[in-house]
Amino acid sequence: MSESALEKRIDEIRKITKEYAKAKSMLTKLEHSRHIILADLMKESYRASNDKVSVAKCDMEARSNPIYKNHIEQLAIAEEHCITLQWELKLIQMRFDQHKASQYAINQEQKNYGYKS
């Protein structure tokens, strides 16, 4: 791998790492806000019933609310994006490690045959 190709790989890692960090932060935000949305919807359901409904029923109504369902869908999309980027980074790292191993093998072979650089 030439010096320019190596630099290109490093730039690619930097770019994907930044994108992964943004995706991970969005995923974390969605995970934590899920509980807040659920609580708000439960509170709304309880108030609408004039305090005559059980908490379990309010929970069921909140979870079936389109707002909550949409939030869960967004959460799933964010997790998929995060996992995809994570694996892209791992694949790049594996290719880089493979290159290092092959370079080491070439250097060792040259050393064994008495090649001096």
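Predicted model: local features only at pLDDT ≥ 70, side-chain atom pairs only at ≥ 80, totals over all residues.
Helix α1 spans residues 3-48 and helix α2 spans residues 55-63. The axes of these two helices come within 8 Å and cross at roughly 120 degrees; α1 and α2 are therefore oblique to each other. The crossing of α1 and α2 is right-handed. On the α1 side, the contact is formed by Arg-34, Leu-38, Leu-41, Met-42, Ser-45 and Tyr-46, which meet Val-55, Cys-58, Asp-59, Glu-61, Ala-62 and Arg-63 of α2. Classified by residue type, the contact of α1 with α2 comprises 7 nonpolar, 1 polar and 4 charged residues.

Helix α3 covers residues 66-112 and includes Ile-72. With a relative accessible area of 32%, Ile-72 is partly exposed. The C-alpha atom of Ile-72 is separated by 7.5 Å from that of Arg-34, although the two residues are 38 residues apart along the chain. Arg-34 also belongs to the α1 residues that meet α2.

In soluble globular proteins, nonpolar side chains tend to be buried together. In the present model, the largest nonpolar core contains 11 residues, including Ile-16, Tyr-20, Leu-27, Cys-82, Leu-85 and Ile-92. The elements giving two or more residues to this core are α1 and α3, and the largest share, 6 residues, comes from α3. One of the core residues, Tyr-20, is in contact with Cys-82, Leu-85, Gln-86 and Leu-89 when neighbours within four places in sequence are left aside. Apart from this core lies another, of 6 residues, among them Leu-41, Cys-58, Ala-62 and Tyr-68. Of these, Leu-41 in α1 and Cys-58 and Ala-62 in α2 also take part in the contact between the two helices.

Note on methods:
Residues numbered from 1 in each chain as written. Heavy atoms only, no water. Axes fitted to C-alpha atoms, helices over the stretch in contact; angles between N-to-C directions. Helix = DSSP H or I, 4+ residues; strand = E, 2+ residues; numbered from the N terminus. Parallel < 35°, antiparallel > 145°, perpendicular 65-115°, else oblique. Left-handed = near helix turned anticlockwise from the far one by under 90°. Contact = heavy atoms within 4.5 Å. Nonpolar A, V, L, I, M, F, W, Y, C, P; charged D, E, K, R; others polar. Buried < 20%, exposed > 50% of the residue type's maximum accessible area, 1.4 Å probe, protein only. Core = buried A, V, L, I, M, F, W, Y, C linked by side-chain atoms within 4.5 Å.
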